[in-house]
Structures are given as C-alpha cells and as structure tokens.
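Trainee: I'd like to learn how to read a fold one feature at a time. Could we go through this one together?

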Amino acid sequence: MPTLHFKNAEICLLDLAIRGDRIVLFPVHDRYAETIFTEFNASITRYMIPKPADDISEIREFIDVAKTAMTLRTSVFCAVCCKQSHEFLGICAFEGQKSASTPELGLWIKKSAHGNRYGLEAMETLFNWAIDNIDFDFAVYPVDKANAPSSAIAEHLGGEIAYEKLAKSQSGFTLNEVVYHVPGL
C-alpha cells in the first residue's frame, strides 16, 4: 500500500483537528459508530460504491480500518462535525491507498444536514489542508452523473472531468460515473 508523502514527517493523523468556518474535521473514531450506522443508509449510498452496513460491527470494522490507514499514513478519514456543537455531520476522506500521487477524495453528509453546504466546506477544508501538508499530483474524485451536488463540489475545487466509466455499487446499482481530476496546485 502506498504511503502518502507528508511535508512534515512529525504530523500525527490521529490527533488532527482541521477547522473550517462552520465545521471541524476530526479523525474517524469509535464514538461516531452508532451515528454512522444510523445515517449511512440507502438514501445516502444511492450514488456511492459502498452499501449501508447490515450490522454496527461493519461500521466498527470500517473505523478500525480507517484508523489503521491513518496510522500507516496511507489515507486521511475525518468525521465532519459542526464547529460549535460538535454534532456529527458525515465523513470525508483523502485516500492514498491506490496511489500516493493521485489520492481519491470521498464524502458523505447525513440527510438532515443536506442543503447547508457542509459537504462543500468539508471537502474544501480537507483539500486545502492536504495541499498544505501532502505532496501529490492531483486528486481523483469519482461522482455519479446524477449527483449534481457532488459534481459541483469537484468543480468548485477546480476539478475537470478526466473520463467517464460505469461502476457497480455494492447495493447492485450501476453508477454512471464521471471522474474528476482536481489539481494539487
């Protein structure tokens, strides 16, 4: 598994607190397991590869894998939380597990928080932090064509469509993806 190339070798990913205007990004943690299990549902995953968990143990396994990836410095997985209340809003990721020079961006925001531009702020906050702290060529951001808000986020970050592909979700849907390349500056 490729390791991300950090500009500061001393940075501890499990101690992060990346602040935006209205949100703060914390490392994914067990304390979010039950909320993730409840909120990461069929409605949220409609345009995503993963499927909702059948049991909370799957969420705990995801959290363990995410924390291991952060310890190994192959990816950054963050809980998106409201800055004032610390309410859990979703998950965002900067995943270098396939390629350290072209990591993949990922995001989901819980249904009740949709329409507040938290997703845009989370991705912008994480991406800007990555530009300051990680050496990479560009980020990959796959988005289903029917998911206009995610396409808008990719384009806001300066992403351009590199190619299109069909992908099969774990829920059995065929996704008609556009894959954005978002320059790392």
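This is a predicted model: local features need pLDDT of at least 70, side-chain atom pairs count only at pLDDT 80 or more; totals for chains, interfaces and linings use all residues.

Mentor: Gladly. Strand 5 (residues 88-95) and strand 6 run antiparallel, joined by 6 bridges.

Trainee: Which residue is the bridge partner of glutamate 95 in strand 6?

Mentor: Glutamate 104 is the bridge partner of glutamate 95. Look at the cover over that strand as well: in strand 6 (residues 104-109), 5 of the 6 residues are buried.

Trainee: What is phenylalanine 94 in contact with, leaving aside its neighbours within four places in sequence?

Mentor: Its list of contacts includes Glu104 and Leu105, along with Leu126, Phe127 and Ala130. Leu4, Val76 and Phe136 are also among them.

Trainee: How should I read a nonpolar core?

Mentor: Start from the general idea: in soluble globular proteins, nonpolar side chains tend to be buried together. Here the largest nonpolar core has 61 residues, and the members that touch the most others are Val76, Phe94, Trp129 and Tyr141. Helix 4 contributes the most to this core, with 9 residues.

Trainee: Then helix 4 deserves a look. How many of its residues are buried?

Mentor: Helix 4 is mostly covered, with 13 of its 16 residues buried. For helices in general, there are 3.6 residues a turn, so residues three or four places apart point the same way. Helix 4 covers residues 118-133 and reaches 22 Å from its first C-alpha to its last, close to the 22 Å expected at 1.5 Å a residue.

Trainee: Threonine 125 is found in helix 4. Is threonine 125 buried or exposed?

Mentor: Threonine 125 counts as buried because its relative accessible area is 14%, below the 20% cut-off. Beyond its neighbours within four places in sequence, threonine 125 is in contact with Ile18, Arg19, Gly20, Ile23 and Leu25.

Trainee: Let's turn to charges. How many salt bridges does a search of the whole structure find?

Mentor: The search finds 7 salt bridges. Take lysine 165 and glutamate 177, whose closest N and O atoms are 3.7 Å apart. This pair links distant parts of the chain, with lysine 165 in strand 9 (residues 160-168) and glutamate 177 in strand 10 (residues 174-183), 12 residues apart. Lysine 165 is partly exposed at 37% relative accessibility, whereas glutamate 177 is buried at 6%.

Trainee: Which residues do salt bridges that share partners join into one network?

Mentor: Lys51, Asp54 and Glu58 form that network. Lysine 51 meets aspartate 54 with the closest N and O atoms 3.1 Å apart, and lysine 51 also meets glutamate 58 at 4.0 Å, N to O. As for accessibility, aspartate 54 is exposed at 62%, while lysine 51 is partly exposed at 28% and glutamate 58 is partly exposed at 34%.

Key:
Residues are numbered from 1 along each chain as its sequence is written. Side-chain values use heavy atoms; hydrogens and water are left out. Helices (H or I, at least four residues) and strands (E, at least two) are DSSP runs, numbered from the N terminus. The expected span of a helix is 1.5 Å times one less than its number of residues. Buried means under 20% relative accessible area, exposed over 50%, partly exposed in between (1.4 Å probe, protein chains only). Contact means heavy atoms within 4.5 Å. A nonpolar core is a set of buried Ala, Val, Leu, Ile, Met, Phe, Trp, Tyr and Cys residues joined through side-chain atoms within 4.5 Å. Two strands pair if DSSP finds at least two bridges between them. A salt bridge is a side-chain nitrogen of Lys or Arg within 4 Å of a carboxyl oxygen of Asp or Glu.
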